[in-house]
Amino acid sequence: MRIWVDADACPAVIKEILYRAAARTGIPLTLVANRMLRVPLSPWIRALQVPGGFDVADQHIAMEARAGDLVITADIPLAAQVIARGATVIDPRGELLTGANIMVRLTMRNFMDGLRSSGVETGGPAAFSKADRQAFANQLDTILAKQCSSHPG
């Protein structure tokens with residue numbers, strides 16, 4: 001298992017949770033972004049800067065993520081791609097995205113994009129909260145506990 005992070009829009013507090021989890025579990029963590037990132041010195045954590053451009057980081061993660069990997073992203077099209085390849089996805093607010101719910105999320109995203117492109121003001125996402133941070137930490141712990149129990153030592 002590897003953990004891949006769509007890091008350009010990932011909240012700093014979520015990255016901190018992931019750094020601690022990688023150090024605790026020894027699971028490799030790769031943060032992919034269009035800009036240079038500072039990450040803690042660790043054999044388990046690396047930052048990968050990809051060229052600038054639309055969805056370049058997403059494309060890299062989509063090509064690299066494998067079945068059994070964990071991907072952290074709020075990008076619904078990326079989530080759909082890696083779920084199809086057998087990866088697990090958590091968004092930064094702690095929602096587990098699965099084959100059962102991703103198509104609904106993709107349809108809603110496309111609908112909202114259509115509204116915005118026709119001039120309708122749809123507003124943005126709610127501010128990131130302590131409850132979101134806790135939901136993410138809980139979901140991550142659940143997934144990592146399953147991984148560690150199915151692959152001990």
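Me: Is the crossing of H3 and H4 left-handed or right-handed?
Reply: The crossing of H3 and H4 is left-handed; that term applies if the near helix is turned anticlockwise from the far one by less than a right angle. Please note that this is a predicted model, in which local features need pLDDT of at least 70, side-chain atom pairs count only at pLDDT 80 or more, and totals for chains, interfaces and linings use all residues. Residues are numbered from 1 along each chain as its sequence is written, and side-chain values use heavy atoms, with hydrogens and water left out.

Me: Which residues make the contact of H3 with H4?
Reply: H3 contributes Ile76, Pro77, Ala79, Ala80 and Ile83, and H4 contributes Ile102, Arg105, Leu106 and Arg109. Contact means heavy atoms within 4.5 Å. These residues divide into 7 nonpolar, no polar and 2 charged.

Me: At what angle do H3 and H4 pack?
Reply: Helix H3 (residues 76-84) and helix H4 (residues 102-117) pack at about 155 degrees, with their axes 9 Å apart. They are therefore roughly antiparallel, a term used for angles over 145 degrees, whereas angles under 35 count as roughly parallel.

Me: And how do the axes of H2 and H3 cross?
Reply: They cross at roughly 10 degrees and come within 9 Å, so H2 and H3 are roughly parallel to each other. Asp58, Ile61 and Ala62 of H2 meet Leu78, Gln81 and Val82 of H3.

Me: Which residues of H3 are buried?
Reply: Ile76, Leu78, Ala79, Ala80, Val82 and Ile83 are buried, meaning under 20% relative accessible area. The elements they pack against include strand E1 (3-6), helix H2 (56-64) and H4.

Me: What caps the N-terminal end of H3?
Reply: Asp75 does, through a side-chain oxygen 2.7 Å from the backbone nitrogen of Leu78. After H3 comes Gly86, with a positive phi near 95 degrees.

Me: Changing topic, what is the phi of Asp55?
Reply: Asp55 has a positive phi of about 60 degrees although it is not a glycine. Asp55 lies in the loop between strand E3 (45-49) and H2, and is partly exposed at 29% relative accessible area; partly exposed covers the range between buried and exposed, the latter being over 50% (1.4 Å probe, protein chains only).

Me: Lastly, where is Thr142 found?
Reply: Thr142 is in helix H5 (residues 130-150). A polar atom of the Thr142 side chain lies 3.0 Å from the backbone oxygen of Asn138.

Definitions and conventions. Axes are lines fitted to C-alpha atoms, for helices over the stretch in contact, and angles run from 0 to 180 degrees between N-to-C directions. Helices (H or I, at least four residues) and strands (E, at least two) are DSSP runs, numbered from the N terminus. Angles under 35 degrees count as roughly parallel, over 145 as roughly antiparallel, 65 to 115 as roughly perpendicular and the rest as oblique. Ala, Val, Leu, Ile, Met, Phe, Trp, Tyr, Cys and Pro count as nonpolar, Asp, Glu, Lys and Arg as charged, and the others, Gly among them, as polar. A polar contact is a pair of N or O atoms within 3.5 Å; within protein, one must be able to donate a hydrogen and the other to accept it, and residues adjacent in sequence count only if both atoms are side-chain atoms.
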